[in-house]
Amino acid sequence: MKYFCTYFDSGFLRRALALYNSLKININHEFKLYALCFDELSFSTIKKLSYENFIPISLNDLLVYDRELADCRLNRSIVEFYFTCTAALLLYLMETSNEIDNLIYLDADIFFFNNPEPIFYESKNASISIVEHRYSPNLKGYERNGIYNVSWVGFCRDENGMAALNWWRERCLEWCYDRHENGKYADQKYLDDWPSRFKNVHVIKHIGAN
């Protein structure tokens, strides 16, 4: 079983449905896709559709569980709050579902064009898996937003994976804004030093990723 999570509001609902269907068509494993829904329309739509193993999570459930995350809504824009939720959602699922031993966060606008098995195989022994932006030379300046792209971030339920996930959540609760400040940017720039900060981090090399 492969476990994924994502988040979206009704503005990204169609993209999230495309993500789910692309997984269903291309993956050769059983999988579950947990979906944090930021508004009632997205939550009720996913619930009504009752797609197999597409599991909606209401924002209220997450905020009741993580009161520190709830406090962040007071001092952040909508998009900044969404960024802040990435690590919190991953940790929530890890802590509330014992069946999940490895969890991958996917941006809701990802689409799988082929079987991701080569990526799973490449990162099978990793505690943490991340993917580079791999900007072309003329776009290298965008690396100020982060070397790695939060569109795919995977964590194993082991000492290294959980240490990184808890650290990331704490940093995002402290500071997660849509601006550059003291070497930080949103939830993404925090990943820059993970290969040296944490053990057993794998940077995905397959050119089909991202």
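Lys and Arg count as positive here and Asp and Glu as negative, while His and the chain ends are not counted. Each charge is placed at NZ of Lys, CZ of Arg, CG of Asp or CD of Glu. On this basis the protein has 23 positive and 28 negative side chains. The centres of the two sets lie 2 Å apart. The structure is a predicted model, in which local features need pLDDT of at least 70 and side-chain atom pairs count only at pLDDT 80 or more, whereas totals for chains, interfaces and linings use all residues. Residues are numbered from 1 along each chain as its sequence is written, and side-chain values use heavy atoms, with hydrogens and water left out.

The overall fold was described first. The protein contains eight helices and nine strands. These elements are DSSP runs, numbered from the N terminus: helices are H or I with at least four residues, and strands are E with at least two. The radius of gyration is 16 Å, close to the 17 Å given by the globule rule for 210 residues, so the protein is as compact as a globular protein of that length. This radius is taken over C-alpha atoms, and the globule rule is 2.2 Å times the number of residues to the power 0.38. Along the principal axes, the C-alpha atoms fill a box of roughly 45 × 40 × 35 Å.

Buried residues make up 52% of the 210 residues. Buried means under 20% relative accessible area, exposed means over 50%, and partly exposed lies in between (1.4 Å probe, protein chains only). The accessible surface comes to about 10,400 Å². Carbon and sulfur atoms hold 49% of this surface. Such areas come from the Shrake-Rupley method with a 1.4 Å probe, and for residues only the protein chains shown count as cover. A contact means heavy atoms within 4.5 Å. Among contacts between residues at least 6 apart in sequence, 72% join residues at least 24 apart.

Helix α1 spans residues 13–26 and has 14 residues. From first to last C-alpha it reaches 20 Å, close to the 20 Å expected at 1.5 Å a residue. The expected span is 1.5 Å times one less than the number of residues. Buried residues of α1 include Leu13, Ala16, Leu17, Leu19 and Tyr20. Ser22, Leu23 and Asn26 are buried as well. The buried residues of α1 pack against β1 (2–8), β2 (31–37), α2 (40–49), β3 (54–58) and β4 (102–106).

Helix α7 covers residues 159–174. Its 16 residues should span 22 Å, and its end C-alpha atoms are 23 Å apart, which agrees. Among its buried residues are Gly161, Met162, Trp167, Trp168 and Cys172. The cover over the buried residues of α7 includes α4 (67–72), α5 (78–96), β5 (128–132), β6 (148–156) and α8 (194–197).

Strand residues were then considered. Phenylalanine 8 lies in strand β1. This residue is buried, with a relative accessible area of 2%. Phenylalanine 8 touches, among others, Leu13 and Ala16, both of which are buried in α1. Its other contacts include Ala35, Leu36, Ser42, Phe54 and Ala108. Lysine 32, in strand β2, is also buried, at 16%. Its contacts include Met1, Tyr3, Asn53, Ile55 and Glu99. Phenylalanine 8 and lysine 32 are 24 residues apart in sequence and 16 Å apart in space, C-alpha to C-alpha.

Tyrosine 92 is in helix α5 and is buried, with a relative accessible area of 14%. Beyond residues up to four places away in sequence, tyrosine 92 touches Ile57, Asp61, Leu62 and Tyr65. The C-alpha atoms of tyrosine 92 and leucine 17 are separated by 22 Å. Glutamate 40 is found in helix α2. With a relative accessible area of 56%, glutamate 40 is exposed.

Asparagine 53, in the loop between α2 and β3, has a positive phi near 60°, although it is not glycine. It counts as partly exposed, at 26% relative accessibility. Arginine 134 is found in the loop between β5 and β6. Its phi is also positive, about 55°. Arginine 134 is partly exposed, with a relative accessible area of 34%.
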